[in-house]
Amino acid sequence: MTSLDTVQTFLKHVFAGTLEEALALVASEAQFISARPVPNPRVPVHGTFIGPAGAREFFRLFAALLEPGEFNITASFSEGEHVCMYGNLLHRSRTTGRDFPSNWALICRVQQGQLSLYHFYEDTAALEAAIA
């Protein structure tokens, strides 16, 4: 499986709600980062989450914070162990009911068939406005 195939398979499992299958593709020291690697008390998903347990917590926090909506992939490409995807999304805050629209980009690194980096970039100001 190519690095791009690995990331696409991972996301397919996340979107399907089969998190255990997704976590099987996560390296023990993988870093999961949502926009900012440093924790932010206003945005629980910001910070760096490590390994399968960290990935599980990252997606738990995401699900508690946002109701998933549209997630469109405009393009994806890879070179060796590096994968990039980008597109747009529209989620809704579970606490305020406000929409969270954003362009996004995802940078991943795949080593030995497992994700070792998952760094998701989004409009952090729009996220904070939606959940505040």
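This report describes a predicted model, taking the sheet, the pocket, the cysteines and several single residues in turn.

Six strands make up an open sheet in the order 2-1-6-5-4-3, and their pairing is mixed. Its edges are strand 2 (48–50) and strand 3, each of which pairs on one side only. On average, neighbouring strands of the sheet are turned by 15° against each other, direction ignored. In general, the strands of a sheet pair through backbone hydrogen bonds, either parallel or antiparallel.

## Strand pairs around strand 1

Strand 1 covers residues 26–34 and pairs with strand 2 in the antiparallel sense, over three bridges. Within this pair, Phe-32 has Phe-49 of strand 2 as its bridge partner.

Strand 1 also pairs with strand 6, here in the parallel sense and over five bridges. In strand 6, Leu-115 is the residue opposite Val-26.

Strand 3 and strand 4 are antiparallel and share 11 bridges.

## The largest pocket

The largest pocket has a volume of about 510 Å³. It is lined by 24 residues, and those closest to its centre are Val-14, Phe-15, Phe-59, Phe-62 and Pro-68. By class, the lining has 17 nonpolar, four polar and three charged residues.

At least two residues each come from helix 1 (3–16), helix 3 (51–65), strand 3 (66–79), strand 4 (82–93) and strand 6 (114–122). Helix 3 gives the largest share, six residues.

## Cysteines

How many disulfides does a search of the whole structure find? The count is zero. A disulfide needs two cysteine sulfur atoms within 2.5 Å. For Cys-84, the closest cysteine sulfur is that of Cys-108, at 9.0 Å, so the distance is too far for a bond. The result also holds from the side of Cys-108, where the closest cysteine sulfur is that of Cys-84, 9.0 Å away and too far for a bond.

Is Cys-84 buried or exposed? Cys-84 has 15% relative accessibility, so this residue counts as buried, the limit being under 20%. Cys-108 is buried too, with a relative accessible area of 0%.

Most residues other than glycine have a negative phi. Ala-35 has a positive phi of about 65° although it is not a glycine. Ala-35 lies in the loop between strand 1 and strand 2. With 15% relative accessibility, Ala-35 counts as buried.

Gln-112 is another non-glycine residue with a positive phi, near 50°. Its place is the loop between strand 5 and strand 6. Is Gln-112 buried or exposed? Gln-112 is exposed, because its relative accessible area is 85% and the exposed class begins over 50%.

## Two further positions

Val-45 lies in the loop between strand 1 and strand 2. At 4% relative accessibility, this valine counts as buried. The C-alpha atoms of Val-45 and Arg-92 are 15 Å apart in space, while the two residues are 47 apart in sequence.

Ala-125 belongs to helix 4 (residues 124–131). With a relative accessibility of 54%, Ala-125 counts as exposed. Ala-125 and Ser-102 are separated by 23 residues in sequence and by 9.7 Å in space, C-alpha to C-alpha.

Terms used. Residues are numbered from 1 along each chain as its sequence is written. This is a predicted model: local features need pLDDT of at least 70, side-chain atom pairs count only at pLDDT 80 or more; totals for chains, interfaces and linings use all residues. Side-chain values use heavy atoms; hydrogens and water are left out. Buried means under 20% relative accessible area, exposed over 50%, partly exposed in between (1.4 Å probe, protein chains only). On a 1 Å grid over the protein atoms alone, a cavity is a set of points where a 1.4 Å probe fits but cannot get out, and a pocket is an open set with protein on both sides within 12 Å along at least five of seven lines; lining residues have an atom within 4 Å of a point. Grid points are joined across faces, edges and corners, and a volume is the space filled by probe spheres set on the points. Helices (H or I, at least four residues) and strands (E, at least two) are DSSP runs, numbered from the N terminus. Ala, Val, Leu, Ile, Met, Phe, Trp, Tyr, Cys and Pro count as nonpolar, Asp, Glu, Lys and Arg as charged, and the others, Gly among them, as polar. Two strands pair if DSSP finds at least two bridges between them. Axes are lines fitted to C-alpha atoms, for helices over the stretch in contact, and angles run from 0 to 180 degrees between N-to-C directions.
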